[in-house]
Amino acid sequence: MPRRAWGTSPLVQPHLEDYALIGDLQTAALVCRDGSIDWLCLPRFDSAACFAALLGDRDNGHWRIAPTAAHARPRRSYRGDSLVLDTEWETPTGSVRVTDFMPQRDRAPDVVRIVEGLSGRVEMTSELRLRFDYGSIVPWTRRTDGCQVAVAGPDSTWLRTVPGTGAEEVAGGTRARFTVGAGEKVASVLTWHPSHESRPRDIDPYRALEQTLHDWREWAAHCRYRGPHREAVMRSLITLKALTYAPTGGIVAAPTTSLPEELGGVRNWDYRYCWLRDATLTLGSLLRAGYTEEAAAWRDWLLRAVAGDPADLQIMYGVAGERRLPETELDWLAGYGGSRPVRVGNGAVDQLQLDVYGEVLNSLWLAGETGLPPAPHGWDLQRSLLDFLESHWREADEGLWEVRGGRQQFVHSKVMAWVAADSALRTVEANPHLPADTDRWRAMRAQVHREVCERGFDAERGTFTQAYGSRELDAATLLIPRVGFLPGSDPRVVGTVDAVRRELGRDGFVRRYGTHPGDARGGDSPVDGLPGGEGAFLVCSFWMADALYLTGRHEEARELFEQLLACRNDVGLLAEEYDPAAGRQLGNFPQAFSHVGLLGTAFTLLGGAEADWPHGSWTE
């Protein structure tokens, strides 16, 4: 990756693969390979960023600690099964390690960076530029009690370095140079708090490091996965845990906003919220791996967030269950790789996506199957959701992919309506004392199944399509055998897998649907109402591996899984998409959906039929 000179903006923006994740289960930061924290929102995942260089340049906020030498070579890794990041540098005069982490907070969030000399003597440079409100506000700074204090509006930070290094003010920030020899350490702690409150108590950075490592080791020890590629599985589980907002149990889709699906394009969205779909699939992965505590916390978050009229169910919420997530554009940020607009909030919050009812009901069924005690009034909520869906499943919606080109009769939405009824019936079968109108639900399940097979299947091409009457394909139809709608041996499933691989695949990677006119056979226009294209969706590519396995092509499934694992960066992280031509990741990073896909395929390959879904009655 090209190095960035001190005091200048990068000539070439780092690739997403150059970033690693640290976090405290309430927010997260992205640390670049060159030692710069380029993204951090405080105090929550969805708060305004104080480091926003990721979506602009260095003047939009960053904190870099690295050797002063221009040609230092870094290598990095997480310390065991944790979110503690070690970056080691070799320089002409010696070697040094920088350890970055965020301890689980008591009250205030802290970012801790510990510099340790390993050999020789190495001069280090620390440059801090705080820019509150997504890189737009230069704070007022002062020195107090040996700390660098920054204040702007509601935000305040304290930077404490032990031992002191003596910082100078430069270009709207501070810079410090210091030298470490073998065995010497310098620790810096950046602490945020509301500016109207008193300064938080100082933490001991070295005790915080030991406690953070202990917390992660203790959590990782609960993992019951014992199959192949355990390192990749464990890193994905840790990433999902890192995307959990501990105070409420909500799970964000990603810690970032507006990382583009196409470099220079407009498909740039804010993913720092809790999508019901993503979170329910995350729940399934955590349960399969043995993490019932997180599953229970998410279940309780869900019941709080969706409480009320089932007609008001949203596809996403804030981390505490907030409903209003207005979408706005930040015109002062140039965007990652020049990709504009940069958006905060998400206008898709108001869309109708009928598939989420199936995902919610299925996740609650799975929670019961894995031994979670029932929540008070949980069954009442499930009945209300299914009653609403029974009256509305025939409607057109925006579908799984949140299209902005108008509602359609999406096949995947109908399949998930079938899953909703099937999950409710399975819950009653396991708990016959529950009140239920099973005859009506069975009739609904059969009717949905019959209609999808009649109207959603293109007999001429031998494949399920994206929507009724369309010739466009959709990677979501790969889930048909996994959710139990039809068995993998059914010729309609085999034909769908082959058609999706042929028309939406490239070198093993799978797009979610066609994004250019003429992608579909017959030349249908794009369904999403947006210009430009996008990369291959990594979760769709994992779904292809699942589908290959479930249709009996086990070796092909394993080969594809190995190929997809190779797309992870050096610390095991995946973005939303992958560009096979450029060989780089795209979209928000790291992405829960992609890591859920990895985990789902690992479980499928390990246990065959074991997946995150029940297998329903294929005769209906």
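Mentor: The largest nonpolar core of this predicted model contains 196 residues, and L237 and W543 have the most contacts inside it. Such a core joins buried Ala, Val, Leu, Ile, Met, Phe, Trp, Tyr and Cys residues through side-chain atoms within 4.5 Å; buried means under 20% relative accessible area (1.4 Å probe, protein chains only). Helix α8 supplies its largest share, eleven residues. Apart from this core lies another, of ten residues, including V112, A187, V189 and L209. Leaving aside residues up to four places away in sequence, W543 touches (heavy atoms within 4.5 Å) L400, W401, A475, A476, L478, L479, R482 and F593.

Helices here are DSSP runs (H or I, at least four residues). The axes of α3 (residues 230–242) and α13 (residues 592–607) come within 9 Å and cross at roughly 145 degrees.

Helix α8 (residues 411–430) likewise has a partner, α9 (residues 438–455): their axes come within 9 Å, crossing at roughly 155 degrees. The two helices are therefore roughly antiparallel, a term for angles over 145 degrees. On the α8 side the contact involves V411, K414, V415, A417, W418, A421, D422, A424, L425 and V428, and on the α9 side T438, W441, R442, M444, R445, V448, H449 and V452.

Numbering runs from 1 along each chain as its sequence is written, and side-chain values use heavy atoms, without hydrogens or water. Local features need pLDDT of at least 70, side-chain atom pairs count only at pLDDT 80 or more, and totals for chains, interfaces and linings use all residues.

Note on methods:
Axes fitted to C-alpha atoms, helices over the stretch in contact; angles between N-to-C directions. Parallel < 35°, antiparallel > 145°, perpendicular 65-115°, else oblique. Buried < 20%, exposed > 50% of the residue type's maximum accessible area, 1.4 Å probe, protein only.
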